[in-house]
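Dear colleague,

I am passing on the structure below, followed by notes on what was found in it. Please read the two side by side.

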Amino acid sequence: MNFQVYNRELDVGNIRISGVASSSLVLVGDTEVIQLASIFDTPAESLIIGPFVPLNPQG
Amino acid sequence: MLNKRTSYVNHITIDSLATTSTFEIGDSTAIHAFSRAIAIQREQELFFSNEANFDDFEIFKREIPLDPITEELTYESSPINSFIKVNRIDIIGVSTSSILHIGSSNNVFLEARVKHIRQLNGRK
């Protein structure tokens, strides 16, 4: 694949962002490679109903 | 370096920039951001100090498959206008190994791992 880019005018007025979190990037500029990876885990057993006890107290 | 443009920002307001995050003005070549969190939501305000360990959960060890790009790629950019202009940026919060980057970069790799746990008190 041949990727030909003609960079003409790029002029943004206002950007309003409430939060940038968890290894995120707000880039005003050029780049060649961006690789993003995220993994989150909420299995059934992570919903615990019952008395509040610490998960597994350490030391 | 491919012909990279110059970024112009007139006005930036950031309310909070957390300890592990970055506000970069200028170019960079490589960025590697990594964050991991154990998020426990309890129905009651109850905080134990030393409660969980990243090693207890397999999610923080698991390999995230990132297939290499095998396609033959030729990239040409012709800078007719070599400026990126933004008048104003307002950001309330930048946190958890995040980056606000004004300028160009080459190689960016960002990874986030979150384990969610919810604790509800048993209905009477």
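How much area is buried between chain A and chain B, and what share of it do carbon and sulfur atoms give? The buried area (the accessible area, with a 1.4 Å probe, that two parts lose on being put together, summed over both) is about 5900 Å², and carbon and sulfur atoms give 53% of it. On the side of chain A, the residues that lose the most area to chain B are A:Val28, A:Ile39 and A:Phe52, together 14% of what that side buries.

Before going further, please note that this is a predicted model, in which local features need pLDDT of at least 70 and side-chain atom pairs count only at pLDDT 80 or more, while totals for chains, interfaces and linings use all residues. Residues are numbered from 1 along each chain as its sequence is written, chains are lettered from A and ligands numbered from 1 in the order in which they are written, and side-chain values use heavy atoms, with hydrogens and water left out.

In terms of contact (heavy atoms within 4.5 Å), 55 residues of chain A touch 76 residues of chain B. Three salt bridges (a side-chain nitrogen of Lys or Arg within 4 Å of a carboxyl oxygen of Asp or Glu) are found across this interface; one of them links A:Asp41 with B:Lys115, whose closest N and O atoms are 2.9 Å apart.

Strand β7 of chain B, residues 107-120, deserves a separate look. Strands here are DSSP runs (E, at least two residues), numbered from the N terminus, and two strands pair if DSSP finds at least two bridges between them. Within chain B, β7(B) pairs in the parallel sense with strand β3 (residues 30-42) over 13 bridges, where B:Gln41 stands opposite B:Arg118. From chain A, strand β4 (residues 33-41) pairs with β7(B), also in the parallel sense, over nine bridges, and A:Leu36 has B:Leu110 as its bridge partner. Strand β5 of chain A (residues 47-49) runs parallel to β7(B) and is joined to it by three bridges, with A:Ile48 opposite B:Gln119.

The side chain of B:Arg113 reaches the backbone oxygen of B:Arg62 at 2.8 Å, and, leaving aside neighbours within four places in sequence, the contacts of B:Arg113 include A:Ile39, B:Phe34 and B:Ile64.

With best wishes

Definitions and conventions:
Helix = DSSP H or I, 4+ residues; strand = E, 2+ residues; numbered from the N terminus. Polar contact = N/O pair within 3.5 Å; in protein donor to acceptor, adjacent residues only side chain to side chain.
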